[in-house]
Amino acid sequence: MSDSQALLAELSRTRLLAIIRGDDPDQTLRCVEALLRSGVTVLEISLTGSGALKTLERACAEFGSNAWIGAGTVLSPDDASGALDAGARYAVTPAITDGVTASVRLGLPVLAGAWTPTEVSAAMTAGASAVKLFPAATGGPAHLRAVRAPFPHTPFVPVGGVDLATAGDYLAAGAIAVGVGTPLLQDAPSGGDLGALERRVAEYRRTVEER
């Protein structure tokens, strides 16, 4: 099984991708640990945070053997190579950026950001493993259902405004998993209650497992 197939299999099994954005490396690592403890095995650390590549490297070194830890907001070839060097197992982009083709060239599975049918087609032609439907909340599950109709075999992971109330609806509309950032993490990356984060994870896991 290729890395791309293995990532898609894990996303299809767990149906939840947790997205961490933060500027505190130590707290980010605490969030990773709390998520893993709660059963989340696919995590994304956004490269928008301060010192994000170093944080990603620490997370992959400490927890990478137990999880799929990827780099988010991969915009450029430098981002892609930095993510690979840090130990990321996959890359995520907000659009069809140079980071998509660079990640594919480096052998990293990619969740490429796309919104329209034209973008979906371009993402898959570029070698993406799956489409990150972004920003998902702009069109909601109805948009996913409509854009997926001509691409029934394309794996979709909606991201952007997906919350507990809508996560199940996206899965019912055909997503293989949902990507959740702020609605799940809330203030945890900046020092918030990790126990509360674990309770939210339990709620999300119950919701996605029902679909």
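Two strands pair if DSSP finds at least two bridges between them. Helices (H or I, at least four residues) and strands (E, at least two) are DSSP runs, numbered from the N terminus.

The model is predicted: local features need pLDDT of at least 70, side-chain atom pairs count only at pLDDT 80 or more, and totals for chains, interfaces and linings use all residues. Residues are numbered from 1 along each chain as its sequence is written, and side-chain values use heavy atoms, with hydrogens and water left out.

**View A. Strand β2 and its parallel neighbours.** β1 and β2 pair in the parallel sense over three bridges. Ile20 has Ile45 as its bridge partner in β2. Strand β3 (residues 68-72) runs parallel to β2, joined by five bridges. Here Gly72 of β3 stands opposite Ser46.

**View B. Burial of β2.** Five of the five residues of β2 (residues 42-46) are buried, so the strand is largely enclosed by the rest of the structure. Buried means under 20% relative accessible area, exposed over 50%, partly exposed in between (1.4 Å probe, protein chains only). Val42, Glu44 and Ser46 lie on one side, Leu43 and Ile45 on the other.

**View C. Helix α10 (residues 194-209).** The helix has 16 residues. Its buried residues include Leu194, Leu197, Arg200 and Tyr204. Seen down the axis of α10, the buried residues fall within an arc of 145 degrees (directions from the helix axis to the C-beta atoms), so they line one face. Exposed Arg199 and Glu209 sit on the face turned away from the buried side.

**View D. The start of α10.** A side-chain oxygen of Asp193 comes to within 2.8 Å of the backbone nitrogen of Gly195.

Technical notes. Expected span 1.5 Å × (residues − 1). Polar contact = N/O pair within 3.5 Å; in protein donor to acceptor, adjacent residues only side chain to side chain.
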